[in-house]
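Me: I would like to learn how to read strand pairing and helix packing from a model. Could you take me through one structure, feature by feature?

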Amino acid sequence: MTAKVALITGGTGGIGTEICRALATHLDCKVVASWLRGIDDGAAWQAKQKEAGFDFEIAEGNVGDYEAAKKMVEEAVSKAGPIDILVNCAGITRDKMFKRMEKQQWDDVIKSNLDSVFNVTKQVLDGMVERKYGRIINISSVNGQKGQAGQTNYSAAKAGMHGFTMALAQEVADKGVTVNTISPGYIATSMVMAIKEEIRNSLIKQVPVGRFGTPEEIGWAVAFLANEKSGFITGANIAINGGMHMG
Ligand code: NAP
């Protein structure tokens, strides 16, 4: 059987890297990670993965921009072949209470987290439908489910992702393509671990499991949804938040 091709947007990030590794480890996928020039160093990330025994491709582009996302997917396909599994994981936060939030902070978050889902999915869906197989997994957030003060932009974008999931899942349910959302709670990426220890400890108190989640735990769930055997799961939202929010 030929290896499935997986494209992970934001694949070089904290959670994205573990999703890449999980898809290679558990499903033997050919993996392409998207990266963003100027902030990330895609080649350095790729070399580091190679040292750890992972042979990943990279494709560059701002997924918040339609034309750049199109080029990024073309690069990914030219390197690895048509995309069978798409994980929309790229995202940013620009937190501010609404009173002080500027239009730019709203736009940046909506573009990176939500427009990106349209921009990249648009490039791969027709091929999945033609080949009668596809897995689309959108990485949302617990804050899209419950809202979070200081994050009207992020909560709106992340809630919007799951609306997208449910609608598209219905459109392609009989075409062999599933569309699902994963909503992580606090995950111990370098961003979260950079928060002062005393604040981190107060955050952990909100988590019944008593710790932050790990990027590996998100990778595991992505591999589960991406598995061929998960074909009856579509339009679902898998909450991975240690019991912090049960919706
Ligand atoms: P991260 O390390 O910052 O990874 C995010 C990745 O997305 C980065 O590689 C980033 O590239 C990329 N990205 C952002 N905007 C992009 C754009 N317009 N075009 C292309 N790439 C773009 O953060 P993370 O913690 O792993 O988060 C991954 C996803 O999980 C995000 O969608 C986040 O909202 C979600 N999430 C995270 C947590 C958590 O606790 N960490 C909880 C819930 C949900 P650059 O580095 O170049 O900006």
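Predicted model: local features only at pLDDT ≥ 70, side-chain atom pairs only at ≥ 80, totals over all residues.

**Strands, sheet and helices**

Reply: Strand E5 (residues 134-139) and strand E6 (residues 177-184) run parallel and are joined by 6 bridges, where two strands pair if DSSP finds at least two bridges between them. Within this pair, Asn 138 stands opposite Thr 181 in E6. Residues are numbered from 1 along each chain as its sequence is written, and side-chain values use heavy atoms, with hydrogens and water left out.

Me: In what order do the 7 strands of the open sheet lie, and which strands stand at the edges?

Reply: The order is E3-E2-E1-E4-E5-E6-E7, with parallel pairing in an open sheet. E3 and strand E7 (237-240) stand at the edges, and because each has a single partner strand, one side of each is left without a neighbour in the sheet. Neighbouring strands of this sheet are turned against each other by 20 degrees on average, direction ignored; for such angles, axes are lines fitted to C-alpha atoms, for helices over the stretch in contact, and the angles run from 0 to 180 degrees between N-to-C directions.

Me: How many bridges pair E2 with E3, and what unit do E2, helix H2 and E3 make?

Reply: Strand E2 (residues 30-35) pairs with strand E3 (residues 57-60) in the parallel sense over 4 bridges, and Trp 35 has Glu 60 in E3 as its bridge partner. Together with helix H2 (residues 42-51), these two strands make a right-handed β-α-β unit, a crossover being right-handed if, with the strands pointing away from the viewer, the path from the first strand over the helix to the second runs clockwise.

Me: Which strands does H1 lie across, and which does H6 lie across?

Reply: H1 lies across strand E1 (5-8), E2, strand E4 (85-88) and E5, running at about 175 degrees to E1, where contact means heavy atoms within 4.5 Å. Helix H6 (residues 152-172) lies across E4, E5, E6 and E7 and runs at about 160 degrees to E6.

Me: What describes two packed helices, and at what angle do H1 and H9 pack?

Reply: Two packed helices are described by the angle between their axes and the distance between the axes. Helix H1 (residues 14-27) packs against helix H9 (residues 215-226) at an angle of about 45 degrees, their axes being 8 Å apart. That makes H1 oblique to H9, since angles under 35 degrees count as roughly parallel, over 145 as roughly antiparallel, 65 to 115 as roughly perpendicular and the rest as oblique. H1 passes H9 in a right-handed crossing, which is the case if the near helix is turned clockwise from the far one by less than a right angle, and left-handed if anticlockwise.

Me: How do H4 and H6 cross, and how far apart do their axes come?

Reply: The axes of H4 and H6 come within 8 Å and cross at roughly 15 degrees, and the two helices are therefore roughly parallel to each other. The crossing of H4 past H6 is right-handed.
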